[in-house]
Amino acid sequence: KAAETYNAEQKKRYARRQARKYERLEAGSVDGENRRKYAEKKTAWEGIIAKEHFTVDSNHDMINKITGARIISPDCKAASEHAERYYGLVRSMQTDVLHISKNTGIAEEEIAKIKSYLFLDEHDLGDGRFAKFDSDFSIAQSWQRLINGSQEPHDITLLRHELLESSLVEKGFTQNEAHIIASSVYNYSKEVRDFYASLEKYKNK
């Protein structure tokens, strides 16, 4: 167990060094094609960092046969801790919008708007707080799959939901009102519940 933990930490450190290296190369390159290649390599290493951040809770371990990735039940403590770390990682990413746009066919400006709304902007949360949204494990997983091009149907629903919700907020609706309306059209929460329920059924077979 200790050896596995050590090796995982070493992998994360190496991946961070590689991501920083390609970030520097991207920033210092004057050739557009080279910048694109460096950006893609940086994003690939960022994806590895995110994957290595997954912590497996033995009481909630499941296998996602669709993506081949180990995941955590969204209700366990480890999931909450992972989401918090991954949100921080997303906020520092520079090429996730580009990759999600390419993988989904949705315009970059719309993906950028969704990212700002979900991860960067502060909102009136209706409970006395004006802050960024709390981290959410399901959304963290959706964003990761969208970057990697391994999205599930409910990941696309997330994008459509947040795009509609953010547009309604711009028109003067409260965040809660906008969320209710957007959920009536694109019910991400229900699709997420169904997705994890299907994984539980598979696990118990």
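Student: What share of the 205 residues in the protein is buried?

Tutor: Buried residues make up 40% of the 205. Keep in mind that this is a predicted model.

Student: How many helices and strands are there?

Tutor: The protein has nine helices and four strands. Along the sequence they follow the pattern α-α-β-β-α-α-α-β-β-α-α-α-α.

Student: Why is K115 called buried?

Tutor: Its relative accessible area is 6%. The cut-off for buried is under 20%. So K115, at 6%, counts as buried.

Student: Which residues have the most contacts inside the largest nonpolar core?

Tutor: They are Y86, I111, W143 and L159, in a core of 28 residues. The elements that give two or more residues to this core are α3, α4, α5, α6, α7 and α9.

Student: Which residues of α4 are buried?

Tutor: D96, V97, H99, I100 and S101 are the buried residues of α4. After α4 comes G105, with a positive phi near 80°.

Student: How many aromatic pairs does the structure hold?

Tutor: It holds five. Take Y117 and F133.

Student: Why is the pair of Y117 and F133 called edge-to-face?

Tutor: Check two values. The ring centres are 5.4 Å apart, and rings pair if their centres lie within 6.5 Å. The planes stand at 70°, and planes over 60 degrees apart count as edge-to-face. So the pair is edge-to-face.

Student: What does the pair of Y117 and F133 tie together?

Tutor: Y117 lies in helix α5, while F133 lies in the loop between β4 and α6. The pair therefore ties together parts that are 16 residues apart in sequence. Y117 and F133 are both buried.

Student: Which residues do ring pairs link into a cluster?

Tutor: Ring pairs join Y87, F119 and W143 into a cluster.

Student: How do you know where empty space is left?

Tutor: A probe the size of a water molecule is rolled over the atoms, and that shows the empty space.

Student: What makes a space a cavity and not a pocket?

Tutor: In a cavity the probe fits but cannot get out, whereas a pocket is open. The structure holds one cavity of 30 Å³ or more. The largest cavity has about 30 Å³ of space.

Student: Which residues line the largest cavity?

Tutor: T43, E46, G47, Y86, M93, Q144, I147 and N148 line it. The elements giving two or more residues to this lining are α2 and α6. By type, the lining has three nonpolar residues, four polar and one charged.

Student: What is the volume of the second largest pocket, and which residues are closest to its centre?

Tutor: Its volume is about 450 Å³. Of the 20 lining residues, F133, D134, D136, I139 and H179 are closest to the centre. Two or more lining residues come from each of α6, α7, α8 and α9.

Student: How do the residues of that pocket's lining divide?

Tutor: The lining of the second largest pocket has eight nonpolar residues, six polar and six charged.

Definitions and conventions
Residues numbered from 1 in each chain as written. Predicted model: local features only at pLDDT ≥ 70, side-chain atom pairs only at ≥ 80, totals over all residues. Heavy atoms only, no water. Core = buried A, V, L, I, M, F, W, Y, C linked by side-chain atoms within 4.5 Å. Buried < 20%, exposed > 50% of the residue type's maximum accessible area, 1.4 Å probe, protein only. Phe/Tyr/Trp six-rings, centres within 6.5 Å; stacked < 30°, edge-to-face > 60°. 1 Å grid on protein atoms, 1.4 Å probe; cavity = no way out; pocket = protein on both sides within 12 Å on 5 of 7 lines; lining within 4 Å. Points joined across faces, edges and corners; volume = space filled by probe spheres on them. Nonpolar A, V, L, I, M, F, W, Y, C, P; charged D, E, K, R; others polar.
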